[in-house]
Amino acid sequence: MVRNAIMEDLGGAGDVTTRAVLPETTRYRAELKARQAAVVSGMQVAALTFRLIDPTLKIETVVADGSACKAGDTLLKVEGLASSILAAERVALNFAGRLSGTATLTAAYAQALEGTGARITCTRKTTPGMKLVEKLAVLHGGGHNHRFSLSDAILIKDNHIAAAGGIRPVLEAVKRSAGHMVVVEIEIDGLGQLDEVLEARGADVILFDNMSTQDMAEAVRRIDGRMKTEASGNVRIDRLQEIAATGVDYISSGALTHSAGTVDFGLDF
């Protein structure tokens, strides 16, 4: 992932600006600094970026991933050839800023759920090619991970139900084919579907998709602890306490990864 980003940024001829204005032997010490308060993520990735450009660079991580920082804090120090530092600068900052944005937003969601029994989780709505580090950023922000890929668990969604001919047929198919170690989650959008799931059995987790607060509370009451429950859809930070009050175990939000901003970091020589 990092190599691809470096190659994309260097293009075919490398850093022509630095080659034109600096002697090859110029050495510098630079500091990656925060220009705003945030929860830090991506320092491992930033350090790797510098190392892949030049293994001789001396790198010191000052603030670890998962830690809070304030404006003006130094997060990482790097020393060595100025040309190497400048070649890695933008890619390192892009990763660190974007991942810290996810960690910071996740931390806000997690804080909003403090005192409830619900956990905030991410989804598969990640940036192609960056899933691993974005999900790691969610952990750094105090959130939890949903499945990483289609191979982790069985998650039956509305299109699966429609294609299979209904809830009972789709759950019967899962019973015939799934191994005993595979977790089965099924998505519903109303209490009528819940009754079908409870009658057919075969699911370990029920996902409430865009259901009203009242219906989710009633669904949790009917399930009565027999399955884990997850709420998804229209999950805004101002609704988290309301959703958690229904008694759901998990609240998933794609916003943690697809709508997080980028934290403003800079590299100062």
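Two strands are taken as paired if DSSP finds at least two bridges between them. In the predicted model described here, strands S1 and S12 are joined by 4 bridges and run antiparallel, and it is within this part of the model that Glu31 stands opposite Asp268 in S12.

The protein as a whole comprises 11 helices and 12 strands, and its C-alpha atoms fill a box of roughly 75 × 40 × 25 Å when taken along the principal axes. Of the 269 residues in the protein, 45% are buried. Among contacts with a separation of 6 or more, 69% are accounted for by residues 24 or more positions apart.

The strands S1 and S12 belong to an open sheet of 4 strands, arranged in the order S3-S5-S1-S12 with antiparallel pairing. Strand S3 (58-61) and S12 form the edges of this sheet, each of them pairing on one side only, and the twist from one strand to the next averages 15 degrees. Helix H3, which spans residues 43-53, lies across S1, S3, strand S5 (74-81) and S12, and runs at about 5 degrees to S5.

A second open sheet is built from 6 strands in the order S6-S11-S10-S9-S8-S7, and here the pairing is parallel. Its edge strands are S6 (119-121) and S7 (154-156), each pairing on one side only, while neighbouring strands of this sheet are turned against each other by 25 degrees on average, direction ignored. Helix H8 (residues 191-200) lies across strand S8 (184-188) and strand S9 (205-209), running at about 150 degrees to S8.

A pair of aromatic rings is described by the distance of the centres and the angle of the planes. The search of the whole structure finds 1 aromatic pair, in which the ring centres of Tyr28 and Phe269 are 4.9 Å apart and the planes stand at 55 degrees, so the pair is classed as tilted. Because Tyr28 lies in strand S1 (residues 27-34) and Phe269 in the segment after strand S12 (265-268), the pair ties together parts that are 241 residues apart in sequence. Tyr28 is partly exposed, its relative accessible area being 40%, and Phe269, at 42% relative accessibility, likewise counts as partly exposed. Elsewhere, the charged end of Lys135 sits over the ring of Phe148, at 5.3 Å from the ring centre.

His140 lies in helix H5, which covers residues 131-140. Because buried means under 20% relative accessible area, His140, at 15% relative accessibility, counts as buried. When residues up to four places away in sequence are not counted, His140 touches Val39, Val40, Ser41, Gln44, Asp65, Gly66 and Ala103. With one of these residues, Ser41, the side chain of His140 is joined through a polar contact of 2.8 Å between the two side chains. The C-alpha atoms of His140 and Ala68, which are 72 residues apart along the chain, are separated by 9.9 Å.

Arg239 is placed in the loop between strand S10 (228-232) and helix H10 (240-244), and at 10% relative accessibility this arginine also counts as buried. Leaving aside neighbours within four places in sequence, Arg239 is in contact with Thr213, Met216, Gly233 and Asn234. Polar contacts involve two of these partners: the side chain of Arg239 makes a polar contact of 3.4 Å with the side chain of Thr213, whereas a polar atom of the Arg239 side chain lies 2.7 Å from the backbone oxygen of Asn234.

Note on methods: Residues are numbered from 1 along each chain as its sequence is written. This is a predicted model: local features need pLDDT of at least 70, side-chain atom pairs count only at pLDDT 80 or more; totals for chains, interfaces and linings use all residues. Side-chain values use heavy atoms; hydrogens and water are left out. Helices (H or I, at least four residues) and strands (E, at least two) are DSSP runs, numbered from the N terminus. Buried means under 20% relative accessible area, exposed over 50%, partly exposed in between (1.4 Å probe, protein chains only). Contact means heavy atoms within 4.5 Å. A polar contact is a pair of N or O atoms within 3.5 Å; within protein, one must be able to donate a hydrogen and the other to accept it, and residues adjacent in sequence count only if both atoms are side-chain atoms. Rings of Phe, Tyr and Trp (its six-membered ring) pair if their centres lie within 6.5 Å; planes under 30 degrees apart count as stacked, over 60 as edge-to-face and the rest as tilted. A charge sits over a ring if NZ of Lys or CZ of Arg is within 6 Å of the ring centre and within 35 degrees of the ring normal. Axes are lines fitted to C-alpha atoms, for helices over the stretch in contact, and angles run from 0 to 180 degrees between N-to-C directions.
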